[in-house]
Amino acid sequence: MSALFLLQQCLIGLTNGGLIALVALGYTMVYGVLRFINFAHGDLIMLGACAALGLVAPLGLAATGGPPSLATWLGIVAMVLLCGLFCGGLNVAVDRFVYRPLREAPALAPLVSAIGVSFIFMNIGLAWIGPADRGFPQVVPAASLLPGNGVQFGWKDLLVLVVAMPLIVGTMLLMRTTRLGKAVRAVAQDRTAAALMGIDVDRMVATTFFLAGFLGGAASVIAGLYTNTISYQMGFQNGLYAMTAAVLGGLGSIRGAVAGGFVVGLVRALSTAYAGERWTGAIVFAVLIVVLAFRPEGLLGHRVKEKV
Amino acid sequence: MAAAWKWISQRWEVVALALLAVAPLFVPALGGALGGQVTTLFIYCILALGLNVMVGYTGLLHLGIAAFFGIGAYVVAILTVPLFPFQIGWLAAAAVSIAVTAGVGFALGGPVLKLRGDALAIVTLAFGEVVKVTLRNLEQVTGGMKGLNPVPPPGAGVTVAGTDLGLAFAVDPRWFYYLALAALAGVVWAMRRLENSRLGRAWAAVREDEPAAAALGISATQVKLSAFAMSAAVAALAGCLYAATLSTTADPNAYDFNRSILVLCAVILGGLGSIPGTLLGVAILVGFDTVLIPAADSLIQQLSGAADRSSLLSLASWRLAIFGLALVLVMRYRPAGLIPSRRLAAEWGRGGR
Amino acid sequence: MNARIRVATVVAAMLMAVFGCRPADPGVVRIVSSLPRTGAAKQQTDSIVRGIRMAIDEAGGQVGPFRVEYLDLDDSTVAAGQWTSEAEAANARRALQDPDVVACIGPLNSGAAKVSMPILNFGDLLMVSPAATAVGLTKPGLGEPGEPEVYRPVGRINFVRVVPADDLQGPLSADWARRRGIRKVYVLDDGQVYGKGIADLFADRCREIGIEVLGHDAIDARAQEFKSLMARIKSSQPDLVYFGGTVQSKGGQLAKDMFSADIDAVLLVPDGCQAQAFIDSAGAAVLDGRCFVTFGGLPPERLTGKGAAFVDRYRREWGESPDGYAVYGYEAAGVVLRAIRDAGVKDRLAITSAALAISDYDGALGHWGFDENGDTTLGVLTVSVVREGRFEFAETITTSDMAAESPAE
């Protein structure tokens with residue numbers, strides 16, 4: 001198959017990768033501070049998508065065929081902010097009432113609680129939007145921005161990158177350069193030491209949950225506008241690929257999650273294109289197993305010494 | 001009275017086994033639908049005990065137990081269904097299946113042993129997905145989404161006192177009930193022995209402090225690999241029984257992540273590393289889904305009659321939330337599980353309150 | 001403390017066991033249905049159950065000397081979100097064990113039918129499926145080797161269906177495509193018993209009548225989007241894309257992604273996508289005039305006689321138009337009631353035989369009967385096109401059309 005075809009598949013892979021990376025950040029940040037995989041994150045995004053669907057009409061958005069107007073862009077920004085606040089707030093509340101009481105509990109207790117929370121979220125989603133797939137209005141058209149019929153890169157694909165990239169870069173800068181980021185990283189490295197240094201650990205954990213939730217809320221808006229379908233079961237698959245990306249990149253590593261997201265997106269697109277859609281699921285996970293067999297800490301993770 | 005109570009609580013396995021063994025004589029429902037449901041419960045109990053070897057005894061988080069369950073079911077089906085020339089009978093096929101699956105567990109364990117807790121968990125999850133997709137796509141061998149059927153019941157073709165044993169199994173669920181109960185009793189007995197064996201102690205040592213265990217001359221690699229293989233073998237036994245009771249492997253989606261998660265939740269909810277805890281966890285979680293909800297819903301339907309058609313009234317609409325809330329609450333108030341293992345409770349210092 | 005929990009558990013288990021059984025009541029016949037009532041199929045099964053209840057209500061809850069009771073069982077579970085083998089097997093055993101149950105309506109999925117058929121066959125308990133269409137369930141020689149005998153361990157038929165099997169729908173769809181001048185098709189399926197079965201039949205017939213099959217791929221029904229698959233299909237330039245699958249296996253998403261990828265082809269889908277949910281999830285504007293749906297039998301709005309009366313009553317009662325599944329649910333329950341009346345006794349074998357003997361049923365779907373395999377004699381396929389957010393009748397094809405065009409060219 002031609003070079004143009006390869007280029008097309010890479011573009012699709014990168015676009016998907018941006019979305020996956022945004023979700024993966026949520027996994028890796030929470031893992032960083034609390035050392036547990038937040039299984040409810042995918043379903044949090046599902047609830048965000050339900051909220052986004054509810055916001056379409058109040059924000060004056062509607063399905064269009066033409067290029068998005070300024071009002072549309074403003075509406076989308078408002079939707080990202082509102083859904084981000086919603087998911088961030090929800091995530092903080094869950095941390096406060098479910099995970100915080102378990103800080104000193106056996107390591108697997110928060111994990112099982114997270115699975116429980118994910119079931120509760122799914123039931124809320126089921127009651128909210130019903131059991132069937134729901135169409136999400138095509139607020140941003142799919143029409144290609146590029147001339148000719150060779151390679152397609154539409155407004156929707158642009159939207160993913162325009163929303164995801166600033167958030168990803170912003171998160172990286174926030175964690176690297178600000179006092180807040182430093183404090184969160186300190187908590188991630190050693191909770192007790194951070195507390196002794198006068199850092200309010202509970203507040204930093206809550207902040208992390210809020211940031212993770214906010215990014216998830218933004219991802220839910222993108223997922224709605226990009227795939228144009230939401231369902232109460234969408235959290236699982238979204239979560240699974242993002243979780244894979246976070247582990248592939250190195251759990252706890254911000255840069256790793258971003259890199260992992262793009263790698264998973266590309267592997268998915270290319271395996272569908274060349275091996276066939278039916279094998280895609282297996283290939284993505286096989287890549288993960290192979291990478292981890294050779295680099296247990298993930299692509300960009302840090303080797304951690306086991307302490308006696 | 002108090003003495004009797006003490007006697008019972010010390011020998012709870014024997015008492016429970018005896019009660020369950022005589023139950024079909026007094027409970028006619030066990031000859032029908034309920035028998036099938038309870039048999040499924042027993043099979044899940046075996047699966048959970050297999051997972052407990054990894055998660056409870058050895059402290060390795062495993063999110064792909066369903067894959068081994070599935071491999072066990074499929075190997076037994078390949079060796080027995082009329083589609084293929086083997087047709088070696090269920091018992092022999094089950095033995096092969098358990099050995100093969102243990103080998104697969106061993107082979108997976110090798111390359112990923114270096115991984116630390118959560119990365120290992122994700123690898124087992126990934127392995128589960130790879131197995132599911134492969135089972136779905138290798139249609140010539142696995143029948144794809146159609147699955148393989150019919151898996152003949154154990155003893156098909158063997159005639160005892162004028163009755164074909166296979167037919168007996170197919171007609172009366174009590175045969176499977178006793179078969180699964182016997183297998184479960186065997187697994188519980190074996191686990192009890194293992195807990196206090198050299199290997200069992202090595203598992204615990206690696207779980208509690210790997211570098212310290214290594215310093216004592218315990219090979220962490222060997223110990224972990226044996227846990228991988230043992231857990232795969234027990235899961236395969238459950239898979240063999242599962243395929244036989246359903247008379248089909250069902251489709252590959254029956255062995256997906258959801259099943260692994262359900263069993264994992266049961267083990268942790270009941271109490272990691274604790275045999276009675278694991279059994280109780282399965283009874284609660286799986287029983288809720290397969291026995292209690294259908295029974296409660298048909299009761300609601302019969303009471304309210306056809307006049308009330310609101311779907312909100314049915315428990316089924318809220319089962320996800322009930323299930324999730326149960327997990328959250330148990331973890332909140334009994335973080336070490338409902339019946340924590342004594343050893344682990346001591347380790348955490350407060351689990352058994 | 002802990003010991004008390006253990007013992008309490010055992011006692012609770014015993015109590016539940018006792019709770020499960022009740023004595024037979026000679027004045028009552030009980031009909032159960034086993035359908036996925038949780039998860040993505042809920043909308044379709046809601047329609048079916050409404051149809052069943054309406055048929056029973058119409059009969060005044062009475063057939064001959066018997067009072068009719070109906071029990072709506074679920075063959076899906078929380079954890080799975082769709083039908084599971086265990087739940088289907090448990091429902092079957094439950095029906096078999098309850099002496100008042102004389103018929104089981106269901107299941108929805110062909111895969112589930114494979115699980116429950118051999119179990120219910122032991123009791124000669126009548127099964128009437130409103131939706132399971134895989135050919136191997138009834139037709140000798142068309143399915144896997146050994147089908148359908150493997151589902152009939154006692155050697156008698158107990159499974160009938162009111163919906164035409166896929167050997168009607170798949171090949172007739174290909175004939176329809178050729179009539180429209182289609183030369184190149186790309187075939188997709190969801191990998192499930194129904195979807196893959198019908199897609200294979202469609203592809204085989206295409207090759208037989210000279211339509212080029214550019215590719216045949218299976219999708220993952222849990223994937224979120226299919227953009228790269230669509231880019232691949234686009235590069236092969238088909239005239240038509242066929243999707244063997246259902247609303248629950250991402251039919252809507254597939255349609256959406258296909259048309260946003262600017263693929264200049266029509267989409268053809270089978271009856272598993274014939275539900276308003278398909279249009280709603282794909283978007284009405286996206287499908288307008290470009291998406292065709294095949295459906296065994298006539299669509300609800302073109303039914304006459306009893307069918308038209310049913311459609312009216314359904315609208316009055318539920319405030320919306322019935323979909324195809326509602327009619328099949330109604331028809332399935334109607335057949336069960338007729339079989340009980342014909343048999344006149346509360347005996348499973350008699351009722352099953354009475355159902356198989358029905359050759360002149362005057363129901364909502366028209367005049368039809370069961371053939372020697374328990375399949376409907378209806379041989380009509382409707383092709384609808386999606387227009388303005390609704391399925392609009394386009395044309396009908398019958399088996400005789402197919403015979404006329406069959407000679408190889």
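Colleague: How many residues of chain A are in contact with chain C, and how many of chain C with chain A?

Modeller: 36 residues of chain A contact 32 residues of chain C, where contact means heavy atoms within 4.5 Å. This is a predicted model, in which local features need pLDDT of at least 70, side-chain atom pairs count only at pLDDT 80 or more, and totals for chains, interfaces and linings use all residues. Residues are numbered from 1 along each chain as its sequence is written, chains are lettered from A and ligands numbered from 1 in the order in which they are written, and side-chain values use heavy atoms, with hydrogens and water left out.

Colleague: And what area is buried between chain A and chain C?

Modeller: About 2,800 Å², with carbon and sulfur atoms giving 49%. Buried area here is the accessible area (1.4 Å probe) that two parts lose on being put together, summed over both.

Colleague: Which three residues of chain A supply more of that than any other three?

Modeller: Asp133(A), Glu277(A) and Arg278(A), which supply 20% of the area that chain A buries against chain C.

Colleague: How many salt bridges between chain A and chain C?

Modeller: The count is 3, taking a side-chain nitrogen of Lys or Arg within 4 Å of a carboxyl oxygen of Asp or Glu. One pairs Arg268(A) with Glu225(C), whose closest N and O atoms are 2.7 Å apart.

Colleague: New topic. Which residues touch the most other members of the largest nonpolar core?

Modeller: Leu22(A), Phe39(A), Tyr99(A), Ile46(B) and Leu327(B), out of 250 residues. A nonpolar core is a set of buried Ala, Val, Leu, Ile, Met, Phe, Trp, Tyr and Cys residues joined through side-chain atoms within 4.5 Å. Buried means under 20% relative accessible area, exposed over 50%, partly exposed in between (1.4 Å probe, protein chains only). Apart from that core lies another, of 51 residues, with Val63(C) and Tyr325(C) among them.

Colleague: What does Ile46(B) touch?

Modeller: Its contacts include Ala180(B), Val187(B), Val234(B) and Leu241(B), leaving out residues up to four places away in sequence.

Colleague: Backbone now. Is the peptide bond from Gly106(C) to Pro107(C) cis or trans?

Modeller: Cis, with omega near -10°. Most peptide bonds are trans.

Colleague: What about the phi of Gln87(B) and Ser247(B)?

Modeller: Neither is a glycine, yet Gln87(B) has a positive phi of about 45° and Ser247(B) one of about 65°.

Colleague: How accessible is Gln87(B)?

Modeller: Gln87(B) is partly exposed, at 44% relative accessibility. Ser247(B) is also partly exposed, at 22%.
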